[in-house]
Amino acid sequence: MASVAIDAVRKAYGPLEVIHGASVDIKEGEFVVLVGPSGCGKSTLLRMIAGLENITGGEIRIDERVINDVPPKDRDIAMVFQNYALYPHMTVRGNMAFSLKLRKASADEIEKRVNRAAAILGLEPYLARYPRELSGGQRQRVAMGRAIVRDPKVFLFDEPLSNLDAKLRVAMRTELKELHQRLKTTIVYVTHDQIEAMTMADKIVVMRGGVVEQYGRPLDVYDRPANTFVAGFIGSPAMNLIKGRIDEARFMADNGPTFDLGAEYATFNGRRVIYGVRPESFEFADSGTPARVVVVEPTGSETQVILRAGEVDVSVVCRERISAAPGDMLHLRSTATNIHVFDEETGKRL
């Protein structure tokens with residue numbers, strides 16, 4: 001187990017800077033997920049931890065040891081890639097033992113570590129098989145097993161589940177979380193899937209354009225997003241973000257609905273803001289903001305309804321079954337305890 005400190009790290013390719021002073025403090029044994037849209041710099045940051053990319057500025061430390069110029073093989077990390085990178089001519093046992101053989105470990109030590117990893121991952125029946133004889137999920141377990149046998153200080157995962165089908169991804173998420181609880185090793189995990197980030201992480205790092213937008217526990221980030229980007233990225237369906245202005249204790253949308261605000265927002269009277277409400281935080285009531293139903297999308301356990309209030313489309317998720325049809329008029333209501341207000345110019349939370 002080890003801590004990882006990313007301190008004002010920058011990465012540039014010539015004049016093009018892609019990581020702009022990222023800082024993240026990862027404690028021993030934490031499962032930290034780097035999440036963000038494609039091109040945000042999360043994989044580049046992970047590769048700098050691994051030593052596969054040079055660092056332009058700042059420091060990366062593992063257990064207070066600066067590793068900027070330490071070769072990858074001497075960093076005591078193990079990385080699991082998106083494409084598994086298994087050797088097709090080796091059996092499962094051979095793939096898992098390969099790194100130990102390169103280290104010239106004894107035959108007894110190799111056998112012990114491979115069998116331990118196989119038991120943890122449920123791979124004992126497949127040790128004599130070749131990668132072509134395995135399913136996608138089994139190949140992913142072998143890639144993880146190859147990392148586990150090294151007993152590293154830090155595990156790095158680069159979108160390891162992106163090649164799996166939806167059902168298997170859900171199962172593997174559970175297996176990875178359970179694996180972390182057993183091994184208690186520091187894990188840094190990259191994904192573009194915010195559901196993966198929310199369900200697996202102890203803490204998440206939300207990135208955009210090479211900048212760390214917010215770092216914290218998943219539910220803290222969900223409940224109090226730092227800005228409109230985080231608010232719109234974390235959560236599915238996405239948070240409703242509506243432009244308008246504050247008129248004393250009310251929000252007045254541009255060409256759209258009006259919603260009540262808490263008394264604390266009266267000090268921002270006249271200010272241009274973005275009003276945010278998560279779809280599950282709206283409720284239908286006998287009175288409130290009128291809105292016309294546009295689309296009803298039942299999913300079984302819940303129903304998503306798209307409504308139009310004035311010229312603004314609003315998404316609502318309700319747990320109960322509703323009989324609304326397109327064209328029906330309903331009334332929306334939200335309370336001051338479940339709203340988010342952001343400055344329109346900066347996008348930052350008020």
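Predicted model: local features only at pLDDT ≥ 70, side-chain atom pairs only at ≥ 80, totals over all residues.
Visitor: Which residues lie nearest the centre of the second largest pocket?
Guide: They are D223, T337, I339, H340 and R349, out of 15 residues that line the pocket. Its volume is about 210 Å³.

Visitor: And by class, what does the lining of the second largest pocket have?
Guide: There are 6 charged, 5 nonpolar and 4 polar residues in that lining.

Visitor: Now the largest pocket: what volume does it have?
Guide: The volume of the largest pocket is about 500 Å³. Its lining is made of 18 residues, and I77, A78, M79, S99 and R150 lie nearest the centre. Two or more lining residues come from each of β6 (77-80), α2 and α4.

Visitor: How do the residues of the largest pocket's lining divide into nonpolar, polar and charged?
Guide: The division is 13 nonpolar, 4 charged and 1 polar.

Visitor: Which residues of helix α2 are buried?
Guide: In α2, which spans residues 92-102, the buried residues are V92, G94, N95, M96, A97, S99 and L100. S99 is also one of the residues nearest the centre of the largest pocket.

Visitor: What covers the buried residues of α2?
Guide: The cover includes α3 (107-121) and α4 (136-148).

Visitor: Which residue with a positive phi follows α2?
Guide: That residue is K104, with a phi near 60 degrees.

Visitor: Which other residues have a positive phi although they are not glycine?
Guide: E64 is one of them, at about 70 degrees, and A85 is another, at about 55 degrees. E64 lies in the loop between β4 (57-62) and β5 (65-66), whereas A85 belongs to the loop between β6 and α2.

Visitor: Why is E64 called exposed, and why is A85 called partly exposed?
Guide: The relative accessible area of E64 is 62%, so E64 is exposed, as the class begins over 50%. A85 has a relative accessible area of 35% and is therefore partly exposed, since that class runs between 20% and 50%.

Visitor: Changing topic, what is the order of the open sheet of 5 strands?
Guide: The order is β13-β12-β11-β14-β19, and the pairing is antiparallel. β13 (258-260) and β19 (339-343) are at the edges; each has a single partner strand, so one side of each has no neighbour in the sheet. On average, neighbouring strands of this sheet are turned by 40 degrees against each other, direction ignored.

Visitor: How many bridges pair β11 with β12?
Guide: There are 4 bridges, in the antiparallel sense, between β11 (residues 240-247) and β12 (residues 250-253). Within that pair, I246 stands opposite F251 of β12.

Visitor: Where is the cis peptide bond that has an omega of about -5 degrees?
Guide: That bond joins S236 and P237. P237 is in the loop between α8 (228-233) and β11.

Visitor: How many residues of strand β9 are buried?
Guide: Of the 6 residues in β9 (residues 203-208), 5 are buried. β9 pairs in the parallel sense with β3 (residues 31-35) over 4 bridges, and V33 has I204 as its bridge partner. β9 is also joined by 5 bridges to β10 (residues 211-216), in the antiparallel sense, where M207 has V212 as its partner.

Visitor: What lies between β9 and β10 in their hairpin?
Guide: There are 2 residues between these strands, and G209 in the turn has a positive phi of about 55 degrees.

Visitor: And how many residues are between the strands in the hairpin of β15 and β16?
Guide: There are 4 residues, and G300 takes a positive phi near 110 degrees. These strands, of which β16 covers residues 303-309, run antiparallel and are joined by 6 bridges; P298 has T303 as its bridge partner. β15 (residues 283-298) also pairs antiparallel with β18 (residues 329-333) over 6 bridges, with P290 opposite H331.

Note on methods: Residues numbered from 1 in each chain as written. Heavy atoms only, no water. Buried < 20%, exposed > 50% of the residue type's maximum accessible area, 1.4 Å probe, protein only. Contact = heavy atoms within 4.5 Å. Pairing = 2+ DSSP bridges. Axes fitted to C-alpha atoms, helices over the stretch in contact; angles between N-to-C directions. 1 Å grid on protein atoms, 1.4 Å probe; cavity = no way out; pocket = protein on both sides within 12 Å on 5 of 7 lines; lining within 4 Å. Points joined across faces, edges and corners; volume = space filled by probe spheres on them. Nonpolar A, V, L, I, M, F, W, Y, C, P; charged D, E, K, R; others polar.
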